[in-house]
Amino acid sequence: MRPTQGDLGMSQGLEGVRRAAKERKQEKFTALLHHLSIDLLRECFYNIKRSVAAGVDQVTWKMYEQGVEDRLRDLHDRVHRGAYRAQPSRRVYILKGDGRQRPLGVAVLEDKIVQQAVTRILNQIYEEDFQGVSYGFRPGRSQHQALDALTVGIERKKVNWILDLDIRGFFDNINHEQLVQYVEQRIADPRILRLIRKWLKAGVMEDGGWKATEVGTPQGSSISPLLANVYLHYALDLWVVAWRRRARGDVILVRYADDAVLGFENRDEAESLRRELQEQLRKVGLELHPEKTRLMEFGRFAASNRKRRGEGKPETFDFLGFTHMCGRTRTTGRFTVRRKTIGKRMRAKLQEIRQKLRQRMHDAVPETGKWLRSVVQGYFNYHAVPGNGKRLLAFRDAVSRYWRQTLRRRSQRSRIDWERMERLVRRWIPSVRILHPYPSVRFDAIHPR
């Protein structure tokens, strides 16, 4: 569809905000809400998944689509008059890989629309402010770009020590007043600030009752990732960048949301930063997890140094779904960072597939085959990085084995042999192929300088 005049005006207006943010780094934006137009609200509505869960008002996407233009005009009017009221999120829990439950907040559809629209506007400013070390939930940036940057940084800089950061309960402990103070360093439009305060104070509905939210941002809301990035931009990124200027050796930082890894040339500087960072985070209501935050020897000399001291192989660390290890290239013996899928994550995914196969036990074979193809291909799309072939083969073999077990349980008379099973596997389950380039290749293509 060709853009309407309204779409073009909106785009040009937001582009003007971005230019101003780039040219005037210290300027505060006092008038932003007029960019929240009906056209922007419409675009945000159609960007929301049709199958998204309903909030406490039980209004689904399809229900809202009926008479959507009148609904959006009314929503636009309420936002600009100040009559818009944020509703509490519906609290749900999802199972984490370690067996614990993570709370999520399911916002009502109108809150999602307005939050997404405000996020679009604020992104024009913060994308000019955020540091290059930050990759999480930013337009045009991805988890694999963060993984590439980490690998390239370790291999090309003088990294001998890794500090694997873990901020205890980050999303649950964000201080609301501190967050608003951070936002106010760039945003001075009282109407935008009022909206953010409404969302922070909306609370959650759980077990039929309303609970206030004094701290934290609800994971699952459209604006929560941006607010989290703003918080860590001031509380962590800028602080580390300033600290790095007075360091004697090389220091690298890669952050994706609240997951961050730092690399150091000197151990004493790594230990010093850890102590100072603990105090810095305490001032803004956060703390490093004492057990999960680890300092380890890692880099081109780690293996030889530890061997000389009789300490065994270098430690490993996990980041964005992969275990990172010290290694050597087969041809030249040059130091490289090896990566493989985190074992417990893969086992959890296989267990999930096994349970769903049992639920599909009596479905037609082609129907189950199509579902497995989609699941396995989706898994490969993320995990098929160079050096991870063995884990991918193990994953594919396990899925094939679980499928055969399910087919054999359909009937006592059913005895599917391996020859037939191999035909099914070849037809429906994707073969292992490395889908991602080497980290340095993609990193250099994105950052040619």
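Let me begin with a term: a residue is called buried when its relative accessible area is under 20%, exposed when that area is over 50%, and partly exposed in between, with a 1.4 Å probe and protein chains only. What you see above is a predicted model, in which local features need pLDDT of at least 70 and side-chain atom pairs count only at pLDDT 80 or more, while totals for chains, interfaces and linings use all residues. Residues are numbered from 1 along each chain as its sequence is written, and side-chain values use heavy atoms, with hydrogens and water left out.

I will start with the strands. Helices (H or I, at least four residues) and strands (E, at least two) are DSSP runs, numbered from the N terminus. Two strands are said to pair if DSSP finds at least two bridges between them. Strand β3, residues 161-166, runs antiparallel to β7 and is joined to it by 6 bridges, with Leu163 standing opposite Leu262 of β7. Strand β6, residues 251-256, is likewise antiparallel to β7 and joined to it by 6 bridges, and here Val254 has Val261 as its bridge partner in β7. The hairpin of β6 and β7 has 2 residues between the strands, and in this hairpin Ala257 takes a positive phi near 55°.

Contact here means heavy atoms within 4.5 Å. Leaving aside neighbours within four places in sequence, Trp161 is in contact with residues including Leu262, Gly263 and Phe264, and also Leu295 and Phe298. Between Trp161 and Val251 the C-alpha to C-alpha distance is 9.6 Å, although the two are 90 residues apart in sequence.

Let me turn to the charged pairs. A salt bridge is a side-chain nitrogen of Lys or Arg within 4 Å of a carboxyl oxygen of Asp or Glu, and the structure holds 32 of them. In one of these, Glu128 pairs with Arg18, and the closest N and O atoms are 2.8 Å apart. Because Glu128 lies in helix α5 (residues 109-129) and Arg18 in helix α1 (residues 5-23), this pair ties together parts that are 110 residues apart in sequence. Glu128 is buried at 18% relative accessibility, whereas Arg18, at 27%, is partly exposed.

Another salt bridge joins Arg156 and Asp444, with 2.9 Å between the closest N and O atoms. This pair links distant parts of the chain, since Arg156 belongs to helix α6 (residues 143-156) and Asp444 to helix α16 (residues 439-446), 288 residues apart. Asp444 has a relative accessible area of 34% and is therefore partly exposed.

Lastly, there is helix α12, residues 343-359, where Lys349 and Glu352 are 3 residues apart and so separated by about one helical turn. Their side chains meet in a salt bridge of 3.8 Å, N to O. Which residues of α12 meet helix α14? Among them are Met346, Lys349, Leu350 and Ile353, and the α14 residues they meet include Phe395, Tyr402 and Trp403.
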